[in-house]
Amino acid sequence: MDSYGGWRSTQDSVLALMALTLMSIRVGAVEGSENALTFSMCISNELNKSLSINSENRIINHRFDIPVPSDLKMWTTGSGTVLVQATVTYNVPAVPPELSFEINATIKNKVAKWSNDLPLSPSLSASASSEIDDNHLELQTCVRWTRESDSSMCIVEIGLLSGFKADENLLKSLVDSNNILLQRYEIEGRKLVLYFDEIRSNAICFNTSFTRSHCVSKLQPAFIQAYAYYEPDYMT
């Protein structure tokens with residue numbers, strides 16, 4: 001239960017409400033008294049809060065702000081049942097994310113590299129050099145797992161430049177060869193999604209090909225990212 005009387009997920013909520021319902025049946029409702037139970041709270045030896053629980057307010061979530069640090073004492077008088085929860089909130093310094101993959105991407109003679117101390121969303125430009133065929137791009141991507149534990153299934157996403165489409169014949173041959181443990185691929189909107197059984201500490205490299213289907217002016221950069229399928233926080 002959080003500080004607002006709620007729960008993290010629907011399943012947690014259902015189970016908690018079932019438990020509270022059973023408890024309510026066993027304990028019984030507070031009836032026939034305007035002040036059936038009084039809850040009192042002493043903060044640092046001073047009586048600060050007192051609340052009467054009766055039939056009209058017994059299902060309401062009551063909240064009190066308590067300064068910290070302080071000594072807290074609580075007690076009740078009368079008859080009945082009350083559920084008390086204390087919640088402490090605090091801030092911690094943001095920790096820079098530990099990147100889980102190292103990605104190297106090469107277009108012809110253009111090389112881009114991303115590792116733990118470089119930006120997350122690498123970009124690829126189709127108009128970087130006059131030596132690059134404007135209508136055809138050959139991309140070599142190398143991905144390496146940088147953590148000590150095994151990676152399990154991993155996803156590599158490659159953004160498609162506007163006006164370009166992926167060569168699916170080449171992708172099918174990568175799946176069929178099974179040399180890089182590529183399980184399958186999908187094209188979702190403007191990105192190519194590659195599913196790998198695992199990516200190891202030794203880099204795996206593969207080629208993808210893109211062909212211009214129609215002309216688009218002022219091309220925007222695309223992206224490459226990798227993440228663990230079962231642990232999406234492990235992302236680069």
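**Strands, cores and salt bridges**

Modeller: Ile155 has Tyr227 as its bridge partner in strand 12. Strands here are DSSP runs of E with at least two residues, numbered from the N terminus. The model is predicted, so local features need pLDDT of at least 70 and side-chain atom pairs count only at pLDDT 80 or more, while totals for chains, interfaces and linings use all residues. Residues are numbered from 1 along each chain as its sequence is written, and side-chain values use heavy atoms, with hydrogens and water left out.

Biologist: How many bridges join strand 7 to strand 12, and do they run parallel or antiparallel?

Modeller: Five bridges join strand 7, residues 154-159, to strand 12, and the two run antiparallel; strands pair if DSSP finds at least two bridges between them.

Biologist: Which residues lie on each side of strand 12?

Modeller: Ile224, Ala226 and Ala228 lie on one side, with Gln225 and Tyr227 on the other, and all of them are buried. Buried means under 20% relative accessible area, exposed over 50%, and partly exposed in between, with a 1.4 Å probe and protein chains only. As background, side chains in a regular strand alternate between the two faces of the sheet.

Biologist: Changing topic, which residues touch the most other members of the largest nonpolar core?

Modeller: That core has 30 residues, and those touching the most other members are Val156, Ile158, Leu194, Phe196, Ile199, Phe206 and Phe210. A nonpolar core is a set of buried Ala, Val, Leu, Ile, Met, Phe, Trp, Tyr and Cys residues joined through side-chain atoms within 4.5 Å. A second, separate core of six residues includes Leu37, Phe39, Met41 and Ile53.

Biologist: Now salt bridges: how many does a search of the whole structure find?

Modeller: Four, where a salt bridge is a side-chain nitrogen of Lys or Arg within 4 Å of a carboxyl oxygen of Asp or Glu. One of them joins Lys191 and Glu157 at 3.4 Å, N to O. Lys191 is in strand 10 (residues 191-196) and Glu157 in strand 7, so this pair ties together parts 34 residues apart in sequence.

Biologist: Is Glu157 buried or exposed?

Modeller: Glu157 counts as buried, at 5% relative accessibility, whereas Lys191 counts as partly exposed at 23%.

Terms used: Helices (H or I, at least four residues) and strands (E, at least two) are DSSP runs, numbered from the N terminus.
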